[in-house]
Amino acid sequence: MLQDTRVIIFDIDGTLLNSVYFNVENMNNTLEHFDYVYRVSEERVRGYLGCTAEEYYKGVLDESCVERWEEIRAYNRAHMAEAMAAYGKEFEGVENTFSILHKRGYKLVLYSNCSRAYMEAALDVLGIRNYVDYAECVKDNGLAKPQLLAKILKMYEGCKGVVVGDRIHDIEAAHWNHIPCIAALYGFGQEEEMKEADYTLYSIKELPALLDKEKAHA
């Protein structure tokens, strides 16, 4: 299925960006600002990263503060870039992997449930801006992930694509568009959640070799 792949579409959180720590730090600073006693845990945040904004905030907040999730989101987002710069980091090998794939002529695309500001901050932290051919998030246009993926594939019409992601949303988006999905099992999704993926990675560094292997079997 990967033999003629030319376009690789990556999710961000849990696939490229190890985003648990700065999201926990930023959210707890936000809750402190609003004088809430409640604090989020790494486990709770990890379980909702990669979801839509509403799913994320309603999932990580408790009953003491969830009714104000939109207000909390606004403050949290206003301080996200500084938190990401201070505490965000790539999964090991992301920048080098993008460099390798870029040199081999692959079109490298990002798609995500995040906001544009979040995506731009992530590009800076990851150090991959010069390798990315296109990046779009659902907040740019109100499209859900399957429809956003369809838009991207149409932009590269005639080129076979594959999705790399760590949550079931990525598998569903890929299969809705009749393309394969590679599960980033080092990310935030559970292995059971990703069982319908077509391929698996335990490190982003494995991706070039996987593509080479599939080409060799063509």
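## Starting at Phe 91

Phe 91 has a relative accessible area of 11%, so it counts as buried (buried means under 20% relative accessible area, exposed over 50% and partly exposed in between, with a 1.4 Å probe and protein chains only). This is a predicted model, where local features need pLDDT of at least 70, side-chain atom pairs count only at pLDDT 80 or more, and totals for chains, interfaces and linings use all residues. Residues are numbered from 1 along each chain as its sequence is written, and side-chain values use heavy atoms, with hydrogens and water left out.

## Aromatic pairs

Let's look at the rings. Seven aromatic pairs turn up here, with rings of Phe, Tyr and Trp (its six-membered ring) pairing if their centres lie within 6.5 Å; planes under 30 degrees apart are stacked, over 60 edge-to-face, and the rest tilted. One of them joins Phe 10 and Phe 98: the centres are 4.7 Å apart and the planes sit at 40 degrees, so this pair is tilted. Phe 10 belongs to strand β1 (residues 5–10) and Phe 98 to helix α6, so the pair ties together parts 88 residues apart in sequence. Helices (H or I, at least four residues) and strands (E, at least two) are DSSP runs, numbered from the N terminus. Both Phe 10 and Phe 98 are buried.

Back to Phe 91, which has a partner in Phe 188: their pair is tilted too, with 6.2 Å centre to centre and 55 degrees between the planes. Phe 91 is in the loop between β3 (89–90) and α6, while Phe 188 is in the loop between β7 (181–184) and β8 (199–201), so the pair links distant parts of the chain, 97 residues apart. Phe 188 is buried as well, at 4% relative accessibility. Elsewhere, Tyr 56, Tyr 57 and Trp 69 make up one aromatic cluster.

## Charges over rings

Some rings have a charge over the face, meaning that NZ of Lys or CZ of Arg is within 6 Å of the ring centre and within 35 degrees of the ring normal. Arg 6 sits over Tyr 106, 4.7 Å from the ring centre. Lys 145 does likewise over Tyr 111, at 4.6 Å.

## Cysteines

How many disulfides are there? The count is zero, taking a disulfide as a pair of cysteine sulfur atoms within 2.5 Å. For Cys 114, the closest cysteine sulfur is in Cys 137, 4.8 Å away, which is too far for a bond. Cys 181 isn't in a disulfide either: its nearest cysteine sulfur, that of Cys 51, is 15 Å away. Cys 114 is buried at 9% relative accessibility, and Cys 181 is buried at 0%.

## The largest pocket and α7

Cys 114 shows up again at the largest pocket: of the 22 lining residues, those closest to the centre are Asp 13, Met 80, Cys 114, Ser 115 and Tyr 118. The elements giving two or more residues to this lining are α3 (53–60), α4 (69–78), α5 (80–87) and α7 (116–126).

Tyr 118 is also one of the buried residues of α7, along with Met 119, Ala 121, Ala 122, Leu 123 and Leu 126. Just after α7 comes Gly 127, with a positive phi of about 70 degrees.

## A residue in α6

Ile 100 lies in helix α6 (residues 94–103). Is Ile 100 buried or partly exposed? Ile 100 is partly exposed, at 27% relative accessibility. From Ile 100 to Tyr 56, the gap is 44 residues in sequence and 33 Å in space, C-alpha to C-alpha.

Definitions and conventions
1 Å grid on protein atoms, 1.4 Å probe; cavity = no way out; pocket = protein on both sides within 12 Å on 5 of 7 lines; lining within 4 Å.
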